[in-house]
Amino acid sequence: MRIHHTAALLGWLLLCGCQSAGGGQTRREFAQALDSGTNACRNNPAYCADMAVSAGVRATAQAGASVAGALQVMDAAGQARLREILTKCATQADLEVNLRMLDGKTPTVQQCEEQVGTNASGEPITRAMRWGQEKHAVALRCAQALLSVERPGGFSLEQRYGYDMKTGALRLITRAQAEVWLRSGQASQLLGTLVPDVVIHLGDPLKAEAVFDFKFPCPVSNPPRWKRYPRNHPYVEKTQGQMYEQALGVRPWLIVPILGAAP
C-alpha cells in the first residue's frame with residue numbers, strides 16, 4: 001500500500017512539474033484534534049511559542065499584495081487553475097517530506113499519533129503535527145513561487161485577520177503585531193484570529209475572491225475535514241471553514257495531496 005502510494009506520487013509529480021526548495025516545519029489532521037501544529041498555534045496561542053511559522057514565505061507574499069497590477073476578477077476557469085496549482089504544491093510537499101523524513105513511505109497510524117513533545121501548556125505535540133508543519137511550509141513556498149507568476153500582487157499567504165462576530169468587522173493583523181503580542185505575554189490577543197493559508201484577491205486582502213487551506217491527513221486514510229472549534233473558544237461549535245466563509249465572504253476550499261480541492 002505504501003509503495004503504491006509513493007509510486008503514484010512520483011508519477012503524478014513528474015507530470016505536474018511543480019518545484020520548490022526543501023525544508024520547513026509540520027501539519028496534520030486528527031479526527032477529533034487540531035489538524036496541525038500551525039492550526040494549533042492559530043486556535044490555541046500557547047502553541048505559538050513552541051512552533052515556528054513560515055515567516056519568510058508570509059512576509060514575501062504580504063509584500064507582494066501591496067504591488068497589485070492589472071488584476072482581474074477570476075472566472076470559473078481561473079478558479080480551477082488556482083486549485084490545480086495548489087494541488088500540485090500540496091502533492092509535492094507530501095512527497096518531499098515523506099522522502100526526506102520517512103524514506104518515501106506513508107506514515108502509519110501509530111507513527112502519526114506518537115507524541116514527540118509538549119507545548120508551553122503541556123499539551124501533546126505528535127509526529128503528525130511535526131510532519132504536517134513541514135509539509136505546510138514546503139507547500140507555501142511552492143505556492144509563493146507559482147502564484148507570483150500566475151497572479152502577482154493578487155494573493156496573500158497566511159494573512160492573519162481579526163474578526164468581530166458581533167459587528168462583522170474584519171481587520172488585518174500584521175506578523176509584526178502578532179510577534180509583539182507573543183513576546184509581551186499577550187498571546188490571548190491571537191485567540192479568535194483567522195489565518196487562511198492562501199487568500200486570492202485583487203490587491204486588497206480584506207476583499208477575498210477565493211480562500212484555500214492545505215490539509216495533510218495523517219494517516220492518509222483519514223478524510224480531510226475542517227476542524228471544529230472547541231469549548232471555551234470564541235467560535236465554539238463552528239468549523240474553521242464556516243468561519244472563513246463568514247468572515248471573508250467566500251466559500252473556502254481544502255487542498256489535499258493528489259485528491260485536490262474540496263469545499
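## Aromatic pairs

There are three aromatic pairs here, counting rings of Phe, Tyr and Trp (its six-membered ring) whose centres lie within 6.5 Å. Phenylalanine 214 and phenylalanine 216 make a stacked pair, because their ring centres are 6.4 Å apart and their planes sit at 25° (stacked means planes under 30 degrees apart, edge-to-face over 60, and tilted the rest). Both are tucked away: phenylalanine 214 is buried at 1% relative accessible area, and phenylalanine 216 is buried at 2% (buried is under 20%, exposed over 50%, partly exposed in between, with a 1.4 Å probe and protein chains only).

Then look at tryptophan 226 and tyrosine 244: with centres 5.7 Å apart and planes at 85°, this pair is edge-to-face. Tryptophan 226 is in the loop between β7 and α8 (240–248), while tyrosine 244 is in helix α8, so the pair ties together parts 18 residues apart in sequence.

## Where the model comes from

This is a predicted model, where local features need pLDDT of at least 70 and side-chain atom pairs count only at pLDDT 80 or more, while totals for chains, interfaces and linings use all residues. Residues are numbered from 1 along each chain as its sequence is written, and side-chain values use heavy atoms, leaving out hydrogens and water.

## Aspartate 213

Aspartate 213 sits in strand β7 (residues 208–214) and is buried, with 0% relative accessible area. Its side chain reaches the backbone nitrogen of aspartate 197 at 2.7 Å. What does the side chain of aspartate 213 make a polar contact with? The partner is the side chain of tyrosine 244, at 3.2 Å.

Notes: Helices (H or I, at least four residues) and strands (E, at least two) are DSSP runs, numbered from the N terminus. A polar contact is a pair of N or O atoms within 3.5 Å; within protein, one must be able to donate a hydrogen and the other to accept it, and residues adjacent in sequence count only if both atoms are side-chain atoms.
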